[in-house]
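Look at the sequence and the structure shown below. Keep both in view while reading the report.

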Amino acid sequence: MTSGSCIGISTMKPCCRILTKTPIISGFSPIKITDSSIMRILSRSRSSHRYYRCNKIVGCIHVTNLNRRDFSITDSNWGQSRNFSTGFCVKIGRIRPRVVSLIPNVASNFRNESTSVDSNNVNDKSFENIFIQTSLNGKPLECEEIETDDRRKLEEEDGLNVNLDNNLNDLSEVKVGRELSEIEKEAWELLRSSVVTYCGNPVGTVAANDAADNQPLNYDQVFIRDFVPSALAFLLNGEGEIVKNFLLHTLQLQSWEKTVDCYSPGQGLMPASFKVRTVALDGSNEAFEEVSDPDFGESAIGRVAPVDSGLWWIVLLRAYGKLTGDYSLQERVDVQTGIRLILKLCLTDGFDMFPTLLVTDGSCMIDRRMGIHGHPLEIQALFYSALRCSREMLIVNDTTSNLVSAVSNRLSALMFHMREYYWVNMKKINEIYRYKTEEYSTDAVNKFNIYPEQIPSWLVDWISEEGGYFIGNLQPAHMDFRFFTLGNLWAIVSSLGTTRQNEGILNLIDAKWDDIIGQMPLKICYPALEGEEWRIITGCDPKNTPWSYHNGGSWPTLLWQFTLACIKMGRSELAQKAVDLAEKRLSADQWPEYYDTRNGKFIGKQSRLMQTWTIAGFLTSKMLLKNPEKASLLFWEEDFEILQNCVCMLNKTGKTKCSRFAARSKTLV
């Protein structure tokens with residue numbers, strides 16, 4: 001087929017494309033690829049074009065020449081440009097699109113670190129084979145529609161056995177063989193109704209799905225962060241395809257070049273969210289296309305790029321493999337490249353002297369100004385989790401060996417830093433109370449020049465004797481003593497803390513149940529900023545007023561992470577108590593986003609109803625409690641290899657002893 005040929009476009013079903021400001025490379029990175037054998041295999045796939053043509057022409061558009069080379073990657077070591085082809089998506093009657101131009105999957109044998117090609121997927125109908133046609137002009141993915149009779153004939157000719165609407169049927173019924181309560185049935189119905197499709201395939205869930213909401217703002221988008229509990233609910237229910245589609249689709253959206261105004265936030269950045277919209281094709285009123293429009297922060301309040309999206313993506317990728325047993329997704333070339341790009345973005349050397357990630361305010365779940373700029377606990381705990389995931393999933397070869405080494409070194413340094421400097425209990429607070437200041441030497445005890453006057457008056461009476469927690473932030477002359485729930489829970493889940501520290505966090509939550517749990521689990525942080533402190537730190541934010549939203553509000557979505565942490569530490573009764581408490585109100589209150597007041601008594605003043613991650617968090621918690629063996633696949637135990645590899649460059653200069661022994665003393669408890 002040459003340029004100018006006519007293809008039938010359905011007036012009911014849209015074709016698909018992704019909106020970007022730069023070309024999207026499906027499965028390959030713009031960085032140097034050194035495995036020549038893989039490149040030779042891929043280059044041979046350029047001629048594997050197959051397509052179907054419909055008999056009924058509904059509308060005519062021009063199609064790019066199939067023989068055109070859509071993009072090329074030039075490397076001086078290759079001696080020439082390597083060019084790869086992309087494919088077409090076909091609409092068959094009323095079922096989801098199929099791929100008609102395939103690039104073979106390139107997977108790696110993890111055991112012997114070699115590469116292999118799976119050539120048996122020519123008729124694979126899954127979302128992973130929908131490759132987006134790309135060019136500098138952002139041409140849309142073209143779709144053909146085939147009449148039902150013709151489709152049957154083609155299936156018989158090709159030996160295909162297509163299961164109609166298979167994707168959507170997978171999401172139509174609960175697969176877990178157990179009795180469901182009425183509230184669980186309602187939750188599943190609401191979760192399934194929030195599913196977003198792209199090219200006929202489920203690719204995520206909207207943030208909120210309240211039909212009565214006339215101003216959805218960005219709650220009608222699919223957020224990477226928000227989808228995680230939905231993904232886990234589907235995975236625990238034996239429905240992995242939507243999660244696989246989501247991982248591959250968001251990988252397509254990963255930032256390659258400039259995306260925000262005239263400045264690049266960094267190659268490898270994952271978007272905060274994306275929205276699938278249906279628009280008229282080339283101004284036509286009869287033909288339509290689907291566009292997937294990502295948001296990297298250019299539309300966000302405060303215009304802040306999401307630091308946590310890529311970290312959540314890596315964590316979810318590991319969870320998919322653990323819960324489905326399908327590790328082939330992790331081994332794909334494009335997925336491995338996506339992991340590497342995220343890691344390189346996070347591990348880039350800069351001016352910072354600490355192993356923690358330096359980020360701005362509003363770059364995570366707390367996406368408004370709340371005084372968390374610097375090295376917030378939430379990001380560090382997720383960073384540590386993502387590093388551990390990456391170390392499991394990265395294929396070690398000549399290309400990745402240095403990156404794997406950097407990951408291991410960073411894990412050790414980050415673990416020691418967090419356990420040593422972020423942890424506080426009654427004993428540690430008493431040490432800070434007696435700190436000397438203005439110490440200048442490598443042997444200084446008060447390394448960050450913390451002034452004892454920073455210890456807030458509420459803390460001395462609030463912290464329990466048996467418990468402790470990781471503080472919210474640490475910078476020179478600044479310790480944020482607020483209790484941030486998400487970061488502390490992920491410190492437990494990822495074993496960022498020692499066994500004793502992890503137990504101390506749950507002991508503190510148990511002792512301060514009324515403050516952190518109250519009438520609705522769980523406080524996002526404690527205590528709230530009030531008075532002049534609120535005005536200065538939040539900028540008088542009317543949404544983050546004291547004990548509301550991010551400023552001390554209660555978020556039911558944190559329930560699943562609390563449940564996972566409790567199961568890991570053998571405290572399932574705490575999680576069950578919190579789940580029972582939430583179950584009494586969530587359905588009656590129409591599944592709010594958050595709750596207000598000191599004890600979580602009122603529905604949030606600006607809280608969205610039918611909030612998807614509230615629904616999914618509840619379902620995931622219920623399933624984890626009923627299937628604790630599945631929970632064990634989602635958390636990490638202590639890794640003594642990380643401990644033994646604790647890196648301290650000062651040891652090489654002879655200035656001081658390595659922190660390895662100090663770290664070990666804090667781990668073997």
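This is a predicted model: local features need pLDDT of at least 70, side-chain atom pairs count only at pLDDT 80 or more; totals for chains, interfaces and linings use all residues.

An open sheet is built from four strands, in the order β14-β15-β16-β17, with antiparallel pairing. Its edge strands are β14, residues 423–425, and β17, residues 525–526; each of them pairs on one side only.

Two bridges link β17 to strand β16, which spans residues 478–484, and the pairing there is antiparallel. Within this part of the sheet, F483 stands opposite Y526 of β17.

## The helix on the sheet

Helix α11, residues 401–422, packs on the sheet. The strands that α11 touches are β14, β15 (468–475) and β16. The direction of α11 makes an angle of about 105° with that of β15.

## A buried arginine

The side chain of R419 has polar partners, including a backbone atom and another side chain. A polar atom of the R419 side chain lies 2.8 Å from the backbone oxygen of L496. The side chains of R419 and E638 are joined by a polar contact of 2.9 Å.

## Helix α14

Helix α14 covers residues 485–493 and is mostly covered, with nine of its nine residues buried. Among the buried residues are L486, L489, W490, I492 and V493. T485, G487, N488 and A491 are also on the list of buried residues of α14.

Just after α14 comes S495, which has a positive phi of about 60°.

Terms used: Residues are numbered from 1 along each chain as its sequence is written. Side-chain values use heavy atoms; hydrogens and water are left out. Two strands pair if DSSP finds at least two bridges between them. Contact means heavy atoms within 4.5 Å. Axes are lines fitted to C-alpha atoms, for helices over the stretch in contact, and angles run from 0 to 180 degrees between N-to-C directions. Buried means under 20% relative accessible area, exposed over 50%, partly exposed in between (1.4 Å probe, protein chains only). A polar contact is a pair of N or O atoms within 3.5 Å; within protein, one must be able to donate a hydrogen and the other to accept it, and residues adjacent in sequence count only if both atoms are side-chain atoms.
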